[in-house]
Amino acid sequence: MDAGSRATISARMAEYAAGLRFDDLPSDVRDLAHLVLLDTLGCALAGSTTDEVIQIRQAMAAANGSAGDTLLWGTNEKLPLPLAVLANGAAVHAREIDDFGGCAHSGSVVIPAALGTAARVGANGRELLTAIVIGYDIAKRVMDGGGGYLAFKEVGWHSTSTCGGFGAAAAAGRLLGLDAKRLQWAIGYAGCNAGGTWAFIPEGAMSKRVHPGFAAQTGIVSAYLAASGVTAPESIFEAEWGGYYPTYVPGRATPESATEGLGTDFRIRQVGFKPYAACRGIHSSVDVVLAMRKAHHVKAFDVAKVVVRGSRTHVKQLSKQTVQTALDAQMSLPYSIAVALETGGAMLDQYTAEALRRPGIATLAQRITVVHEPSVPDGGEPYVDVELKNGQRLTDRVMVARGDHTNPLSEAELVSKFRTTAGLVFDTAHVARIERAVRDIARSDNVRALDELMQPALASKTQKSRAGVV
C-alpha cells in the first residue's frame with residue numbers, strides 16, 4: 001500500500017484483520033469468542049421456529065429458485081451462502097435475545113457470515129474464532145468511530161445493520177484468505193452498501209429481523225467481490241463527498257475512535273448477553289420490578305399503576321401500551337413490565353403470540369406509562385415508580401442491568417440459556433453435542449461438523465444410530 005492509502009481507517013483495519021493470529025488473542029478474548037458463538041447458535045435455533053423467520057426463509061427460497069450449499073440453521077434446507085446468511089441472521093435476531101454491546105447486535109451479523117464462510121471453505125476452529133473476534137472488533141469500531149450507538153440512532157440509523165456489515169465483511173474476507181488490500185476493498189464495499197433505519201417501530205414491522213441478515217449478506221458479497229479483484233473505495237470513511245462518516249453521521253463522528261487501540265483493545269470485551277427476550281433498553285426496568293416482587297412480594301394484582309421516568313428515547317421507542325405483534329411487545333416497557341409482574345419472568349414464553357393475548361397482562365399494561373424525565377439522558381437508565389393499591393409507593397432505578405459486560409451473566413447462566421433456546425429444536429442429547437462442539441472448536445480441523453449439527457436430519461440420524469436402528 002502507498003503512504004496515503006496506509007493512513008486511511010479502512011487500510012489500518014484491513015492490515016489488522018489480515019495479520020491477527022489466534023495465538024495473539026488473550027485468553028479472555030478466546031473465551032468470549034466461544035461464548036458468543038454458543039449464545040448466537042442458541043438464539044438462531046430459537047428464532048428458526050418463529051412464523052416470521054419461516055416467512056423469511058420461504059422468501060429467500062423463492063428468490064433463489066433452486067438449492068444451495070449453506071445450511072439454514074434449525075432446518076434441513078440449504079440456500080446459496082448470501083441468501084442463507086440473510087435468513088440465519090434474521091433467525092438469530094428474531095426472539096430479541098441475541099447479544100448486545102457491539103454494533104448493537106453483532107452476533108446476529110458476524111456469526112452467520114463467519115460460520116457460513118468457514119463451513120464452505122473448510123476452515124479450522126482457530127481460524128473461525130479469530131474471524132469472529134475480528135468481525136466483532138471491526139463492527140464495533142465502525143460504530144464507535146461514528147460517535148457511538150446514539151449518534152447513529154439519533155439520525156434514524158439502526159446500527160446493527162448500518163455498521164454490522166463491516167464486521168461481516170472483515171470476518172468473511174479473513175476466512176477467504178484475502179490479503180490486506182482486498183480486505184480493504186471488502187470493508188469499502190460494506191460502507192457502500194450500508195443501510196437499515198428505525199422506521200419499523202410504529203408498525204412493529206418484521207424488517208427489524210431482516211436487518212442483521214442484510215448486513216451479513218452485505219459482508220459476504222463484499223468479501224467475494226474483493227476476492228475477485230473488483231475494487232472499492234479505499235477512503236470509505238474519510239471521503240468528503242460520499243464518505244461513510246460524513247454521509248451517515250455528519251458532525252457526530254469521532255473517526256479516531258475507530259482505530260484507537262487496534263490490535264490490543266479487543267472490543268468483543270464490551271459485548272453483553274441478554275437475560276430477557278426484549279429490547280435492551282427495557283432490561284433495567286425488568287430488573288427493578290422483579291426485585292420488587294422478591295423483596296416486597298409485589299404481585300400484578302397489587303399494582304394500581306406504574307410510571308417509568310426515562311429519556312426521550314424511552315418515550316419515543318418503548319412506550320407502546322397496546323401491542324399487536326411480538327416485536328411490539330419486545331419493544332414495549334408497559335408490556336414487558338406487566339408480563340414480568342404477572343409471571344415473574346421476561347423470557348421466551350412471555351413473548352409468544354399466546355402470551356400477547358393474555359387479558360390480565362394487556363389490562364395491566366394500560367396502567368403503565370412512560371414519561372420523559374429530564375435528568376435521564378439518552379442512553380441512561382429510567383426510574384420505575386410503582387404505586388400499589390394499598391397506597392404504598394415504591395421507586396427504584398438500576399443503573400447497570402444484568403447481562404452488561406460490567407454486570408455479566410455467569411457462564412453457567414449462559415449455558416443454561418443456550419440449553420433452553422436450542423432445546424426448542426433439539427432434544428437434550430443433541431443440544432449437548434452442539435455445546436460440546438463449540439467448547440472444543442479450537443481443536444477442530446474443520447468447522448463444517450459444527451455447522452452440520454445445526455440441522456434436524458443429523459440429530460435424527462444420530463439418535464437412530466445410538467438406538468441401533470442404523
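Tryptophan 157 is partly exposed, with a relative accessible area of 22%, where buried denotes under 20% relative accessible area, exposed over 50% and partly exposed the range in between (1.4 Å probe, protein chains only). The structure is a predicted model, in which local features need pLDDT of at least 70 and side-chain atom pairs count only at pLDDT 80 or more, whereas totals for chains, interfaces and linings use all residues. Residues are numbered from 1 along each chain as its sequence is written, and side-chain values rest on heavy atoms, with hydrogens and water left out.

The structure holds 10 aromatic pairs, a pair being two rings of Phe, Tyr or Trp (its six-membered ring) whose centres lie within 6.5 Å, with planes under 30 degrees apart counted as stacked, over 60 as edge-to-face and the rest as tilted. Among these pairs, the rings of tryptophan 157 and tyrosine 248 have centres 4.7 Å apart and planes at 35 degrees, so the pair is tilted. Because tryptophan 157 lies in the loop between helix H8 (149–154) and helix H9 (159–175), and tyrosine 248 in helix H12 (residues 244–248), the pair ties together parts that are 91 residues apart in sequence; helices here are DSSP runs of H or I with at least four residues, numbered from the N terminus. Tyrosine 248 counts as buried, at 11% relative accessibility. A tilted pair is also formed by phenylalanine 237 and tyrosine 245, at 5.2 Å centre to centre and 35 degrees between the planes. Phenylalanine 237 is buried, with a relative accessible area of 2%, and tyrosine 245 counts as buried at 2% relative accessibility. One aromatic cluster is formed by Phe152, Trp157, Phe166, Phe237, Tyr244, Tyr245 and Tyr248.

Charged groups also sit over aromatic rings, the criterion being NZ of Lys or CZ of Arg within 6 Å of the ring centre and within 35 degrees of the ring normal. Lysine 389 lies over the face of phenylalanine 301, at 4.1 Å from the ring centre, and the charged end of arginine 397 is placed over the ring of tyrosine 383, 4.4 Å from its centre.

Serine 161 lies in helix H9 and counts as buried at 7% relative accessibility. With its neighbours within four places in sequence left aside, serine 161 is in contact with Gly195, Gly196, His211 and Ala215, contact meaning heavy atoms within 4.5 Å.

For helix H10 (residues 180–192), the 13 residues should span 18 Å at 1.5 Å a residue, and the end C-alpha atoms are 18 Å apart, which agrees; the expected span is 1.5 Å times one less than the number of residues. Of the 13 residues of H10, 10 are buried, so this helix is largely enclosed by the rest of the structure; Leu183, Trp185 and Tyr189 are among them.

The axes of helix H3 (residues 27–47) and helix H6 (residues 107–121) come within 10 Å and cross at roughly 95 degrees, which makes H3 roughly perpendicular to H6. These axes are lines fitted to C-alpha atoms over the stretch in contact, with angles from 0 to 180 degrees between N-to-C directions, and angles under 35 degrees count as roughly parallel, over 145 as roughly antiparallel, 65 to 115 as roughly perpendicular and the rest as oblique. Val36, Leu37, Thr40 and Leu41 in H3 meet Gly107, Ile111 and Leu115 in H6.

Terms used. Helix = DSSP H or I, 4+ residues; strand = E, 2+ residues; numbered from the N terminus.
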